[in-house]
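Hello,

Here is the structure I promised to pass on to you.

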Amino acid sequence: MTDFGEDDFFVASLKGVILNINPSARIVDITHRVPSFNLEAASFVLFASFSYFPPQTIFLVVVDPGVGSARKILLAKTKNYYFISPDNGVLTLALEEEKVEQLRRVTNDKYFLPDQSRTFEGRDRMAPTAAWLSRGISCEEFGPELTSYKKLRAEKPQIRGSEIFGRVLYEDKFGNLITNIPVDLLGRLQDKTGKGRFVLSVKGHEISSFVQSYSSVKKGELLFLAGSAGTVEIAAGQESAAVKLKVKVGDEVRIKVKDR
Amino acid sequence: MTDFGEDDFFVASLKGVILNINPSARIVDITHRVPSFNLEAASFVLFASFSYFPPQTIFLVVVDPGVGSARKILLAKTKNYYFISPDNGVLTLALEEEKVEQLRRVTNDKYFLPDQSRTFEGRDRMAPTAAWLSRGISCEEFGPELTSYKKLRAEKPQIRGSEIFGRVLYEDKFGNLITNIPVDLLGRLQDKTGKGRFVLSVKGHEISSFVQSYSSVKKGELLFLAGSAGTVEIAAGQESAAVKLKVKVGDEVRIKVKDR
Amino acid sequence: MTDFGEDDFFVASLKGVILNINPSARIVDITHRVPSFNLEAASFVLFASFSYFPPQTIFLVVVDPGVGSARKILLAKTKNYYFISPDNGVLTLALEEEKVEQLRRVTNDKYFLPDQSRTFEGRDRMAPTAAWLSRGISCEEFGPELTSYKKLRAEKPQIRGSEIFGRVLYEDKFGNLITNIPVDLLGRLQDKTGKGRFVLSVKGHEISSFVQSYSSVKKGELLFLAGSAGTVEIAAGQESAAVKLKVKVGDEVRIKVKDR
């Protein structure tokens, strides 16, 4: 996963490097279209997809606004997976879900390309590290242990009084607005405030169709539902909720229970 | 093939699910850039590419405006291939070319992911079905037999009097306009109307350069030819015919024979 | 690598053809988003990525404004790699880096698809040739030897007086402007003009921050550095230098040494 786009030579260079070291590596693209330097979006896309991959998958995540600076390169081993990325917070959401067993700072230039640029460490340092790791080199080899890694300040949704306060975390290709409010939280709100109908408020709009699937409403009608990432999602029947509502990533979302 | 785009976590989730079930599956992208919910475009792109793939390929086609609704999930076994998709007509053009041997409604949740969302059946039901099928589970296992599948109302080109009437079926990246008029039909028109020069009319424009290849004309000159999908295609030398002609998918195309 | 884009059936058709002939072929995309018919951009992207791939890689490069015309199909065997493309100059920069051992004109229709269109030779001639080559058919089999191949007129950077004159060769996704000035040339300029500070001029702007990495400057500040393709690159801290400077591919770039 990168923010390199697909127009240039960047992604291909990474794949070439990996296959040169491990010709039998299986390479699967998550996406290379993360908005440039957007660590929050990258963190979310990784979070929403990584757990579907087979155990022992190595996730190479190169969204790296600080390339060439003193920021570390991180190798994280969890119960199920490996992650390699700049230590800039991009792993925040994924590592919250996983039991982290080992953190390393990648420094061993024995596993880097011989000629290293200061502008493309994804190709020259991170990709070869991932490839050697896939060949069975143990984590210890790549550099010294770390006790912590950088985390994005990820504001958690909260129940205050009779309302849940959360935020829009991601806008997908269809214009669906994925929030940071876990669907489970709705049950906790009900326990607290009594049974009733959920109503979602965002940017002055009130949406009351809390449904099971996108096709439960007419074309263009606003709805919210339990999204495929496990959180509340705002959508519109076969249209873009983002366009209809003029809502953006970061905007506040509130959910309350209305008496029947 | 999907309409998921490549920005989000959707395609990667499908691939993760497949590789988790069958680590040796070969996954090839047809495209994920079908215009959202556009079944006609999806049907055409599949039609134009599927027959180049090796026998026994499993085509997983997730363009699914009705996700979560009562629409069925379809498994079609043909003489050469397997197809899995929502039963919404997206297979129309491909299945017209193939001898269909078996149709099944995919219902067996033994082969679905344990936690199923109502918003992402591509990931939770169709991808795992494709993966298990690739591991050798037989079609019978996935659900009851069907006697028919949904078809798009695909208007056929017609010869009326001395003219062929067809439509623009697809606009490709280069702005070439692919029609639904099989090249063979031109011969039948000639048999009927006598020898002469073909002339194509579309949106008030008359094009008389019926040539062998794009490079047969000067830059910007309009032409029509036998396209790579086997039908008549309207193009312009190194430019976009769609832009030049202001023609869109669905617009009528007529071809007649002009006396020499 | 192609200029086919990813929306249509073109790339998938090529992959199907290859896998049908050689089911164990490993296919890696370089990019399919070369601007339509842009041989200079294609030549650069190939140049910047090919050497990272494993020895014996077959590069299939289909950017083909002259499809269907008399232009030849070229097979080049170098010390490390194979290249198949229209003979239109698209291999210029890559082949300058490699020791060419054999040039062939691909003509043997035994290795083409049986039904050949005149509009899609990538699918019908070049892809099957690449696939058969990957199965071990020797170069000699594909057609007669050639003594030369078409080259793009690639203007070399020059030192004139106390200045290097070069051009912008490529604009990447981040808006970085990659020039054709090898970083080594800066040392030769210093040898000639004496020690001092490098200053780069482009379209009336003078840039004096010659730094090691993008993160050496503040957000938005202009810089130039040794880019990942081995040439001088103009950039701006986390912004697009192309947008800031209104500079395009082809624009002149000058570098001189200023006395301290």
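In this predicted model, R33(B) and D7(C) form a salt bridge, with 2.6 Å between the closest N and O atoms (a side-chain nitrogen of Lys or Arg within 4 Å of a carboxyl oxygen of Asp or Glu). The count between chain C and chain B is one such bridge. There are also 17 residue pairs in polar contact between these chains, both residues at pLDDT 80 or more (N or O atoms within 3.5 Å; within protein, one must be able to donate a hydrogen and the other to accept it, and residues adjacent in sequence count only if both atoms are side-chain atoms).

On the side of chain C that touches chain B, helix 1 (residues 10-21) gives the most, with eight residues (helices are DSSP runs of H or I, at least four residues, numbered from the N terminus).

In total, 34 residues of chain C are in contact with 31 of chain B (heavy atoms within 4.5 Å). Only 9% of the interface residues of chain C are also interface residues in chain B, so the copies meet through different surfaces.

A note on conventions: residues are numbered from 1 along each chain as its sequence is written, and chains are lettered from A and ligands numbered from 1 in the order in which they are written. Local features need pLDDT of at least 70, side-chain atom pairs count only at pLDDT 80 or more, totals for chains, interfaces and linings use all residues, and side-chain values use heavy atoms, leaving out hydrogens and water.

Best wishes

How values were computed: Helices (H or I, at least four residues) and strands (E, at least two) are DSSP runs, numbered from the N terminus.
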